Every structure is written in structure tokens, then in C-alpha cells.
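Please review the report below on this structure.

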Amino acid sequence: MTDTLLSADIQLIQRIIPHRYPFLLVDRVEEIDGCKTAVGIKNVTMNEPHFQGHFPGLPIMPGVTIVEAMAQTAAVMVGTTLEMADKDMKVYFMGIDKCKFRRKVVPGDQLKMHLTTTRGKPGGKVWKFSGVATVDGEMAAEAEFTAMMELPA
């Protein structure tokens, strides 16, 4: 582990988490401060498949995908810090709490996910996080969630 701020581009992200199109929901993770905090970036475009049905003529990013983007950011933060690239790390949701949606997220927006670890340590399987997603500095969503991170035997 390192005390230097890290970042993860899309190539490293894909080496850490298994998600792929159409469910890879983070483009970059910046300001990774160990397993403590990170900021994820999702550039929202009209090309995403959920906009065909959510909603025709009024495309809005589904709230569950915003929470998933926060969770993927958290997994990349931990995976980058613990050097999990190419190690087949799996991440599973265990719970979502205190989830609120505050504004619409639409094509053209840049979603920033600010994540903080509230429980978890290297070698541990169960982690808790607090996340806030913003667009142009305005809160779009917030949630606390628990995840299990697992490496193959």
C-alpha cells in the first residue's frame, strides 16, 4: 500500500473489476487516497442502452445505476490500492442504506462519485462505504452501502 494519491484509467479499471459494457459505469477514478477516499468519473452519454426505455423522449439515468457507479468506484479504489489488477477480484452488494436521489442525471452530464470507506481493511472481505454523486457540484444522489470483496482461492 502507498500514501501517494493514485488514479485508475479505463484500462486499469477493467483489470480490477469484471464489469463490461453495458454495465461498466465508471470511466476514471481519481484522487485515490489509499482505501480511504476516491472520486470516480462517469461521463453520461445518450449512447447508453438504458436511455431507450428510461424514458423515451426524456432520458434520465436510473437511480440504481448511479448507486452501482458509486459501488464500482469503491471497488476500483480498494482494488487499485491493494494492487488487485489481474487477480479476478469479485465484488458483491450486501446492502444499500440511506439512499436518496436529489436531481436528474441526463446525457451530457459528468457524474462525480465521492466515496469514503467507513469500514474495511486490507485482507477483510466485508467493506462499508458512504458515497455522494454530484453533477456540476450539485448533489444527484447519496447512499451508504456494504459490499463483499472476494479473491479466488
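How many bridges pair strand 3 and strand 5, and in which sense? Strand 3 and strand 5 (residues 110–119) pair over seven bridges, in the antiparallel sense. The model is predicted.

Strand 3 spans residues 37–43. Five of its seven residues are buried, so it counts as mostly covered, with under 20% relative accessible area as the cut-off for burial.

Val 29 has Gly 40 of strand 3 as its bridge partner. Ala 38 stands opposite Leu 115 in strand 5. The hairpin of strand 2 and strand 3 has three residues between the strands. There, Gly 34 takes a positive phi near 60 degrees.

Strand 5 and strand 6 (residues 126–135) are antiparallel and share eight bridges. Their hairpin has six residues between the strands. Gly 120 in this hairpin takes a positive phi near 145 degrees.

Strand 6 then joins strand 7 (residues 138–150) through ten bridges, again antiparallel. Thr 134 has Met 139 of strand 7 as its bridge partner. Two residues lie between the strands in this hairpin. Asp 136 takes a positive phi near 50 degrees there.

## The nonpolar core

Which residues touch the most other members of the largest nonpolar core? They are Leu 111 and Phe 129, in a core of 41 residues. Helix 1 (10–16), strand 2, helix 2 (63–81), strand 5, strand 6 and strand 7 each supply at least two residues of this core. Helix 2 gives the most, with ten residues.

Leu 111 has contacts well beyond its sequence neighbours, leaving out residues up to four places away. Among them are Gly 40, Ile 41 and Lys 42. Others include Met 61, Ile 66 and Val 105. Leu 111 also touches Ala 133, Thr 134, Val 135 and Ala 140.

## The largest pocket

The largest pocket holds about 150 Å³ of space. Its lining includes Val 78, Leu 82, Met 84 and Met 89. Pro 122, Gly 123, Gly 124, Lys 125 and Trp 127 also line the pocket. So do Met 149, Glu 150 and Leu 151.

What is the make-up of this lining? Eight residues are nonpolar, two are polar and two are charged.

How values were computed. Residues numbered from 1 in each chain as written. Predicted model: local features only at pLDDT ≥ 70, side-chain atom pairs only at ≥ 80, totals over all residues. Heavy atoms only, no water. 1 Å grid on protein atoms, 1.4 Å probe; cavity = no way out; pocket = protein on both sides within 12 Å on 5 of 7 lines; lining within 4 Å. Points joined across faces, edges and corners; volume = space filled by probe spheres on them. Nonpolar A, V, L, I, M, F, W, Y, C, P; charged D, E, K, R; others polar. Buried < 20%, exposed > 50% of the residue type's maximum accessible area, 1.4 Å probe, protein only. Helix = DSSP H or I, 4+ residues; strand = E, 2+ residues; numbered from the N terminus. Pairing = 2+ DSSP bridges. Core = buried A, V, L, I, M, F, W, Y, C linked by side-chain atoms within 4.5 Å. Contact = heavy atoms within 4.5 Å.
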